[in-house]
Amino acid sequence: MAELIIPAIVSCIVAFFTVYLATPPLIKFLQKRNLAVKDMNKKDHVMVVRPGGPSIIAGIVTSELVLYGFFQINEILAIIITSFIAFVIGYVDDRKIMGGWFKPVALVIASTPIIFLGTYDSNLTFPLFGTVQIPALYLGLIIFMIPITGNTINSIDVLNGVASGFMIIASFSLSIALFILQNYEIAIISLPLGFVSLAFYKYHKIPSKIFPGDSGALTLGAMYGAIAIVGHVEIIAAIALLPAIINSFLFLSSMKRIVEHRQIKGKPVDHTEDFKLKATNDKTAPITLVRLILTGGPLSEKQVGCEIFKLAIFSGILAIITAFMMRVLI
Amino acid sequence: MKIGLFGFLFVMWILILAGGGILVTILGPFSISGYGDFDLLLTSILKAIIAIILVIVWILILSKLKNWIFKKEIKS
């Protein structure tokens, strides 16, 4: 255990400072190239640059390579390659408008390194009841898991700071769960995700200086999914991600199909005169987590973000409780 | 509203735990024999089908639950 402390500290420092130091020059570069979009939730005409994916992937790759220097295990390579493929897919979508099916289908490719490097265990472990061996189904689970986690994080990236803030809470909950389950190596491998998100949050929090874009959100989500598989904590990871899963579930069950946000005509959320967010009565608009939070009355963007973080903390606590329950068999 | 969302999260968590119990206790010991080399493949495929059905049932329950919990909020 003691020999793991130094790699853990070094990789976390590298993860945090790579993103912390790489993001300001990236913001300047994107400003020069005029790669900015309008922040729809600001009263004034505020333009925010995107994508922040390049600094996020830089933080992930460098910190995981540092860890690979300490432990030469395929799990680290699987996480790096999966995250990088997800970044490339997101970057293509950032630069060129693709159809609604592009990201879910393309992210299947991102899951293949986990299969080819054999960094999975086909036993699915449940709390209280133990494990079930499902070899054929588990391969399907891997193929679906990366597109689901990637797109789920992407779908919650709707307000300033929400995707990165949510990822901080979910990833640290997952790391705590891995420590509880005494899966120390994967717990340490998972820590850079939280620190990368934390460093990016500094620039993404309200008022955002940069948006992660598809490349950033898909990278964070894909890495989270890859950690869940190689760490054999799929169920715990799903529980920590529940608010974002609810968002995707509500969206899909109201729209009845996979569709890009820009293709939706109805507005789920509108603005009051003082530019607070309010839920609309538009029946053609999708039901989303933000729309449900706003049914209690108009809230500022910051207040909605806080409500989402409260839900994320609640799910994180449930995930940690589940980790303790994994150690109990009935 | 806030309680509704927290309640929905909690019910999702309970359903995941219960679904895990069903998978392990019913699906875990399940096996097909008498087909030689195909035993493992057939068992695996059948387990996969049952698991997918369970997931569909889980989604349907959640969908009903969502409508029940949020009916008033969505209408308002």
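## Burial and overall form of chain A

Of the 330 residues in chain A, 55% are buried, a residue being buried if 20 or more other C-beta atoms, placed from the backbone, lie within 10 Å of its own. This is a predicted model, in which local features need pLDDT of at least 70, side-chain atom pairs count only at pLDDT 80 or more, and totals for chains, interfaces and linings use all residues. Residues are numbered from 1 along each chain as its sequence is written, while chains are lettered from A and ligands numbered from 1 in the order in which they are written.

The C-alpha trace of chain A spans about 55 × 45 × 30 Å along its principal axes.

## Secondary structure of chain A

Chain A contains twelve helices and six strands, which are DSSP runs numbered from the N terminus (helices H or I, at least four residues; strands E, at least two). Strand 3 (residues 123-126) and strand 4 (residues 130-133) of chain A pair in the antiparallel sense over four bridges, where pairing requires that DSSP find at least two bridges between the strands. F126(A) stands opposite G130(A) of strand 4. The two strands form a hairpin with three residues between them, and L128(A) in the turn has a positive phi of about 70°.

Helix 5 of chain A (residues 135-155) has 21 residues and reaches 30 Å from its first C-alpha to its last, close to the expected 30 Å at 1.5 Å a residue; the expected span is 1.5 Å times one less than the number of residues. Helix 5 has a kink of about 30° at F144(A), shortly before the proline P147(A). The bend is the angle between axes fitted to the seven residues ending at a residue and the seven starting there.

## Contact between chains A and B

The contact takes 28 residues from chain A and 29 residues from chain B; two residues are in contact if their C-beta atoms, placed from the backbone, lie within 7 Å. On the side of chain B that touches chain A, helix 1 (2-27) and helix 2 (39-75) each supply at least two residues. Helix 1 of chain B gives the largest share, 15 residues.

## Surroundings of T43(B)

T43(B) lies in helix 2 of chain B and is buried, with 20 other C-beta atoms within 10 Å. Leaving aside neighbours within four places in sequence, T43(B) is in contact with F30(B), S31(B) and I32(B).

Key. A residue is buried if 20 or more other C-beta atoms lie within 10 Å of its own, exposed if 12 or fewer, and partly exposed in between; C-beta atoms are placed from the backbone.
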